Amino acid sequence: MASSAAGCVVIVGSGVIGRSWAMLFASGGFQVKLYDIEQQQIRNALENIRKEMKLLEQAGALKGSLSAEEQLSLISGCPNIQEAVEGAMHIQECVPEDLELKKKIFAQLDSIVDDRVILSSSTSCLMPSKLFAGLVHVKQCIVAHPVNPPYYIPLVELVPHPETAPTTVDRTHALMKKIGQCPMRVQKEVAGFVLNRLQYAIISEAWRLVEEGIVSPSDLDLVMSEGLGMRYAFIGPLETMHLNAEGMLSYCDRYSEGMKHVLKTFGPIPEFSRATAEKVNQDMCVKVPDDPEHLAARRQWRDECLMRLAKLKSQVQPQ
Ligand code: NAI
């Protein structure tokens, strides 16, 4: 394995997200050590990363300025966590979403790390105040939540513990930029952070509209893929408001009453009942049958679309 002037990053948990982080850090020239409780998972991850990187290189979509072989030479497996974290500048935890398991891992890391390394969790929804409570190195702890698939979707939500040092947030922000991701700061922890709060608001209304028989599941999805999603790949909901009138103030003058009128008609949190789930599933399965092969093929298609969209975005930005 090559050593790297950029520094060494440790990935704890070599599943779906751990593998993506490994590829991203290697693309930025970082040495990456993959640790997992299951040795076979490390072997699978290394094999899978090799395959992925070669395909990406062939498609001209490999990130960073190094070749696939150069990036692969930066990644290695390490079966011993103590050895893995020695000299590391950043540790990215990617074990399953289980508070007790993650707390155990962070307590273990807390007892073996120095005062410089960043301890970062990939958690989608566990609160930093719960995850990092009582750790000696709490100032060095942060959540860096990626979006699946992280290699194609650059956003990373940075969520600090109330005692996280501002330098930890700044260093993690700079590191994410260095590997080509797009970090954003969540200033105060909140359930679901920001991305999932927005996502759940959309899912919630989508479910109500389908349940009430207002729209079919596949037509509902069209509203996003052929409507809102077209602009949301480039501008957010607030800038949309700003552009859809003569600025934000004009938008609020013109449309806030109408928005409030509609918002008052929104229903309660859906129960996600089996009956509605089956109805939605039936419609979804017309396009994508829910067996592993069809789902995998559709995910691959999605990733190719995202790759092309990323290329397009890099051509049109920055304005
Ligand atoms: P996964 O199940 O694919 O991988 C978890 C890995 O952790 C497995 O390889 C497992 O062997 C390993 N592991 C279990 N216990 C361990 C231990 N004590 N020490 C070391 N390794 C251990 O999970 P996935 O999907 O990669 O998720 C990881 C984290 O990323 C979760 O917190 C999840 O919420 C978060 N996340 C997941 C996203 C997704 O769409 N899959 C998106 C964004 C964040």
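Helices (H or I, at least four residues) and strands (E, at least two) are DSSP runs, numbered from the N terminus. The model is predicted: local features need pLDDT of at least 70, side-chain atom pairs count only at pLDDT 80 or more, and totals for chains, interfaces and linings use all residues. Residues are numbered from 1 along each chain as its sequence is written, and side-chain values use heavy atoms, with hydrogens and water left out.

**Exercise 1. The shell around the ligand**

Describe the residues around the ligand by element, by class and by polar contact.

Step 1. A residue is near a molecule if one of its heavy atoms lies within 4 Å of it. There are 24 residues around the ligand, and I17, D36, Q41, E97 and K102 come nearest.

Step 2. At least two shell residues come from each of α1 (16–27), α5 (99–112) and β6 (141–146). Helix α5 gives the most, with three residues.

Step 3. For the classes, Ala, Val, Leu, Ile, Met, Phe, Trp, Tyr, Cys and Pro count as nonpolar, Asp, Glu, Lys and Arg as charged, and the others, Gly among them, as polar. The shell then divides into eleven nonpolar, nine polar and four charged residues.

Step 4. A polar contact is a pair of N or O atoms within 3.5 Å; within protein, one must be able to donate a hydrogen and the other to accept it, and residues adjacent in sequence count only if both atoms are side-chain atoms. The side chain of D36 has an N or O atom 2.6 Å from a ligand oxygen. A polar backbone atom of I37 lies 3.3 Å from a ligand nitrogen, and one of V95 lies 3.3 Å from a ligand oxygen.

Step 5. On its own the ligand has 830 Å² of accessible area, of which the protein covers 78%. Such areas come from the Shrake-Rupley method with a 1.4 Å probe; for residues, only the protein chains shown count as cover.

**Exercise 2. Salt bridges and their surroundings**

Step 1. A salt bridge is a side-chain nitrogen of Lys or Arg within 4 Å of a carboxyl oxygen of Asp or Glu. The count by this rule is ten.

Step 2. Buried means under 20% relative accessible area, exposed over 50%, and partly exposed in between (1.4 Å probe, protein chains only).

Step 3. K102 pairs with E97, with the closest N and O atoms 3.8 Å apart. K102 is buried at 1%, whereas E97 is partly exposed at 38%.

Step 4. D114 and R116 meet at 3.0 Å, N to O. D114 is partly exposed at 30%, and R116 is exposed at 60%.

Step 5. K260 pairs with E257 at 3.3 Å between the closest N and O atoms. These two residues are separated by about one helical turn because they stand three residues apart in helix α11. K260 is partly exposed at 43%, and E257 is exposed at 56%.

Step 6. A network of salt bridges links R50, K54 and E69.

**Exercise 3. A loop histidine**

Step 1. H137 sits in the loop between α6 (128–131) and β6.

Step 2. The H137 side chain makes a polar contact with the side chain of D115, at 3.3 Å.
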